[in-house]
Amino acid sequence: MEKKRLILGPSHIMRWVQSIDCHLIPTPKNMNFHGRGGASIWGDFIKSKSNDFSQYDEILFIVGDFRFGNKSLVDSTLTRNQHGIAKELINDANDREMYQKVIDELYLLSSSENQSKIKFIFWDLALREFKNKQNRKYFKNGLYAHPIWNLGEVQSLFAENTILMDSDTNLDSLFIDGSNHPSFQGYVYLYYLIFGKKHHHLSLDLFPEHRLSEQKIIGDSTLIKHVNMFCEKGILNTSYKLQNVKLFQLEDFLVKNQGAVTYVTNIRASNERENDFYRRVKKLSDLKDKYGSRLQVLFWEAYAQEIISTREKSYSKFVPENPFYKHNTLASIFGTESIYPKKESLVGQSLVELNVGLQPTIKSILWLFMQREHSLVEIEKRYTQLKQLYFGEVCGTTL
């Protein structure tokens with residue numbers, strides 16, 4: 001019988017749940033989650049689940065940044081100070097105090113009545129140490145030695161309760177940003193760790209290399225930047241990069257290159273002065289009239305910000321009041337309404353990461369490359385194949 005597990009941690013857990021809800025990753029059997037952005041392992045939010053520990057066979061902590069909650073050093077009476085990091089409070093003395101605060105809590109957990117159930121994955125520490133080693137920081141006499149926290153030392157302190165990570169292996173494909181949020185491969189890696197399977201790092205093979213290079217997808221959108229970043233980090237198994245082309249460079253590109261071109265623009269209401277917005281849309285519209293079906297225009301930022309506006313009431317500010325600024329209007333002007341999934345749909349929600357940074361998911365990159373020649377149904381089928389290929393027969397998961 002599959003173990004009943006509870007996974008606790010910071011925003012990584014929130015994104016994990018979002019990814020499961022949107023069918024981006026498999027749904028684990030008998031697994032519950034409890035997470036909050038910037039949650040400290042010693043804070044009230046994480047501790048609020050301690051009364052439920054008896055219900056589980058395994059209690060697994062994704063240990064976040066040791067600095068989480070450093071505002072409590074100034075005022076420990078405010079619960080909100082148990083979350084996040086105040087950059088102005090980062091110094092060696094405060095870092096040592098926060099390190100000890102985390103270590104003390106880990107000792108309490110690993111010596112509690114639930115000690116046999118407790119497991120730790122030092123995700124943030126492992127990835128930060130990996131990045132430090134890549135940048136040759138904190139080396140002394142050829143050996144890595146951070147002045148405060150080192151993965152090997154921490155894992156040794158709690159050897160009986162730790163699921164090991166190794167910062168000497170290439171972990172670059174496991175995270176998507178500076179906050180170490182897991183990538184598609186990061187979740188594959190976590191599942192394999194949790195279910196005790198041997199894991200091999202694999203880059204995502206969305207398409208054969210020649211299919212990527214045949215397509216001319218360019219632009220100034222964050223979607224373009226993320227595709228290239230995923231290539232650099234080994235998240236995508238290709239050396240092919242998309243060209244960053246500003247709007248003023250677009251016609252020159254069209255003149256010099258034959259065939260169909262997809263231009264992904266960052267035009268959206270919230271980052272444009274009114275005159276600039278109309279001017280840029282007019283410029284694109286004139287080019288569309290001139291080059292016809294050769295030129296496809298996609299508005300990623302305008303689309304993505306309206307997707308996230310559906311998730312929380314406070315995010316409604318991302319929907320422009322002026323109807324002309326709205327994504328549906330822009331898409332209709334350029335004849336691309338039918339290729340975008342509905343924003344409120346599960347597929348639409350699955351294209352944008354959880355936060356407000358308009359980060360694309362792997363599925364949105366698959367959509368970008370397939371949408372010109374394939375239906376949404378075909379894109380979904382391909383994504384399901386990717387899940388099957390990379391998650392495989394991981395114990396306790398269903399696709």
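The largest pocket of this predicted model holds about 280 Å³ of space. A pocket is an open set of points on a 1 Å grid over the protein atoms alone, where a 1.4 Å probe fits, with protein on both sides within 12 Å along at least five of seven lines. Its lining comprises 16 residues (an atom within 4 Å of a point); nearest the centre lie Arg67, Arg128, Asn132, His146 and Trp149. Helix α4 (residues 123–134) contributes the most to this lining, with 6 residues; helices are DSSP runs of H or I with at least four residues, numbered from the N terminus.

The lining divides by class as follows.

| Class | Lining residues of the largest pocket |
|---|---|
| Nonpolar | 5 residues |
| Polar | 4 residues |

The chain has 15 helices and 12 strands, strands being DSSP runs of E with at least two residues. Of its 399 residues, 54% are buried, that is, under 20% relative accessible area with a 1.4 Å probe, protein chains only. In helix α14 (residues 362–370), 9 of 9 residues are buried, among them Trp367 and Phe369. Cys22 is buried at 5% relative accessible area, as is Cys231 at 10%. The structure holds 0 disulfides, a disulfide being a pair of cysteine sulfur atoms within 2.5 Å.

Residues are numbered from 1 along each chain as its sequence is written. Local features need pLDDT of at least 70, side-chain atom pairs count only at pLDDT 80 or more, and totals for chains, interfaces and linings use all residues, while side-chain values use heavy atoms, with hydrogens and water left out.

Key:
Buried < 20%, exposed > 50% of the residue type's maximum accessible area, 1.4 Å probe, protein only. Points joined across faces, edges and corners; volume = space filled by probe spheres on them. Nonpolar A, V, L, I, M, F, W, Y, C, P; charged D, E, K, R; others polar.
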